[in-house]
Amino acid sequence: MTNAAITGWGYYCPPCVLTNREIAEHVDTGDGWIRSRTGISERRIAGPEETTSTMATTAARRALDQARLSPNDIDLIICATTTPDYLLPATACLIQHQLGAEHAGAFDLNSACSGFLSALIVGNQFIQAGTCRRILVVAGETLSRFINWKDRQTCILFGDGAGAVVLEATRQSAGILSTVMGCQPDAERLLTIDAGGCARPASAETVAESAHCVRMRGNDVFRQAVRHMTQASQDAMAKANLLPDDIRTVVCHQANLRIIRAVQDRLGMPSEKTFVNVQRTGNTGATSVAIALGQMLGEQPARVGDHYLMVAFGGGFTWAAVTLRWADLALIVGDRGLQKSA
Ligand SMILES: CC(C)(COP(=O)(O)OP(=O)(O)OC[C@H]1O[C@@H](n2cnc3c(N)ncnc32)[C@H](O)[C@@H]1OP(=O)(O)O)[C@@H](O)C(=O)NCCC(=O)NCCS
């Protein structure tokens, strides 16, 4: 049985910081309100020259360096994003070009904030099927360009950034252990970007209405996020025969500190086992779990055999959860040499 292990990881947060106080200079809100309702203190905003593909390429380079691989070693690039550079070409194709990953196929995937985990699950299938050996799973978002900065209900929540992992084939009994994906129609249209697609093409009118920006009824989305992330986490742990005690760290979608704490409490996980970075990043959409995973691995280096749970919820509605057993990366790097000489 071939399994898929994470052998490299990297993330990129743009240097420009936007604080709650700065937002409160433009809309009727306050630092205290934002922090108490969301846990967010600041978020990062892409610079004028930055796009989803440029940030994702930087994150991908960092993941490749960490894995000690070059772009030419990659068979496939999957990019999760809700905010692509263009409708065409796909952002993954731009990343492939910027990296010079000449042997890699490339495509985008959109399942909103569940994007990184959905892409990881798709990559896992390619590796288990034997179609690919090494895949770059990348997520990037430039949500700041799809925010109505006059809407206090949404403009306080989101940030920009990118994250990436290298997923690599291994015969070890490690890597991705179980996966869960789900979808439930957002019948009431609680979380949407209404214009810019073929149902409502961009026009002077849509721009005047800011209909190309994120619209959300936050408190209804909140309840759905808690319910589905809890259930998906429980299902993923059950599929892998893991109990909460077996998990070293849970990496949740970083939408709101209150959502993360509610999920953690329902799972019976102590707060020290739940990684949180939403204070500094805001909700970075498809990217959030990838950035959180990269920061978590930087702060608490993984040990062979450690178990992790990752879970996300997003527009659609969509949700996804993945459990992981940390592989012996030195063995995987050693096997690469053997494959080359064979
Ligand atoms: C958006 C969110 C922070 C709002 O917090 P909440 O506690 O649910 O607050 P409500 O929406 O019920 O609004 C409560 C009041 O605060 C007001 N309010 C909304 N945004 C505000 C802001 N930025 N500053 C001050 N007041 C605000 C509302 O107008 C409302 O006022 P009212 O009672 O006079 O009508 C919260 O619902 C949330 O994080 N939801 C999930 C969003 C999310 O993460 N979505 C993505 C999932 S992938």
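This is a predicted model: local features need pLDDT of at least 70, side-chain atom pairs count only at pLDDT 80 or more; totals for chains, interfaces and linings use all residues.
Which crossing does H3 make as H3 passes H4, right-handed or left-handed?

1. **How H3 meets H4.** Two packed helices are described by the angle between their axes and the distance between the axes. Helix H3 covers residues 52-67, and helix H4 covers residues 91-99. Their packing angle is about 55°, and their axes are 9 Å apart. H3 is therefore oblique to H4. The crossing of H3 past H4 is right-handed.

2. **Residues between H3 and H4.** From H3, the contact takes in Thr52, Ser53, Thr54, Ala56, Thr57, Ala60, Arg61 and Leu64. From H4, Thr91, Leu94, Ile95, Gln98 and Leu99 meet them. The contact of H3 with H4 holds 6 nonpolar, 6 polar and 1 charged residue.

3. **The buried face of H2.** Helix H2 runs over residues 31-38. Which of its residues are buried? They are Asp31, Ile34 and Thr38. Look down the axis of H2: the buried residues fall within an arc of 75°, so they line one face of the helix.

4. **What covers H2.** The cover over the buried residues of H2 includes helix H1 (20-24) and strand E3 (42-45). It also includes helix H9 (257-267) and helix H10 (278-281). Glycine 39 follows H2. The phi of glycine 39 is positive, near 85°.

5. **Asparagine 124.** This residue sits in helix H5, residues 115-128. Is asparagine 124 buried or exposed? Buried means under 20% relative accessible area. Asparagine 124 has 3% relative accessibility, so it counts as buried. Leave out residues up to four places away in sequence, and asparagine 124 touches Ala4, Leu167, Ile176 and Thr179.

6. **How H8 meets H9.** H9 is among the elements that cover the buried residues of H2. H9 also packs with helix H8, residues 218-239. The angle between H8 and H9 is about 40°, with the axes 9 Å apart. H8 is therefore oblique to H9. H8 passes H9 in a right-handed crossing.

7. **Residues between H8 and H9.** Which residues of H9 are met by H8? They are Arg258, Ile259, Ala262, Val263, Arg266 and Leu267. The H8 side consists of Phe222, Ala225, Val226, Met229, Thr230, Ser233, Gln234 and Met237. By type, the contact of H8 with H9 divides into 9 nonpolar, 3 polar and 2 charged residues.

Definitions and conventions:
Residues are numbered from 1 along each chain as its sequence is written. Side-chain values use heavy atoms; hydrogens and water are left out. Axes are lines fitted to C-alpha atoms, for helices over the stretch in contact, and angles run from 0 to 180 degrees between N-to-C directions. Helices (H or I, at least four residues) and strands (E, at least two) are DSSP runs, numbered from the N terminus. Angles under 35 degrees count as roughly parallel, over 145 as roughly antiparallel, 65 to 115 as roughly perpendicular and the rest as oblique. A crossing is left-handed if the near helix is turned anticlockwise from the far one by less than a right angle, and right-handed if clockwise. Contact means heavy atoms within 4.5 Å. Ala, Val, Leu, Ile, Met, Phe, Trp, Tyr, Cys and Pro count as nonpolar, Asp, Glu, Lys and Arg as charged, and the others, Gly among them, as polar. Buried means under 20% relative accessible area, exposed over 50%, partly exposed in between (1.4 Å probe, protein chains only). The arc is that of the directions from the helix axis to the C-beta atoms.
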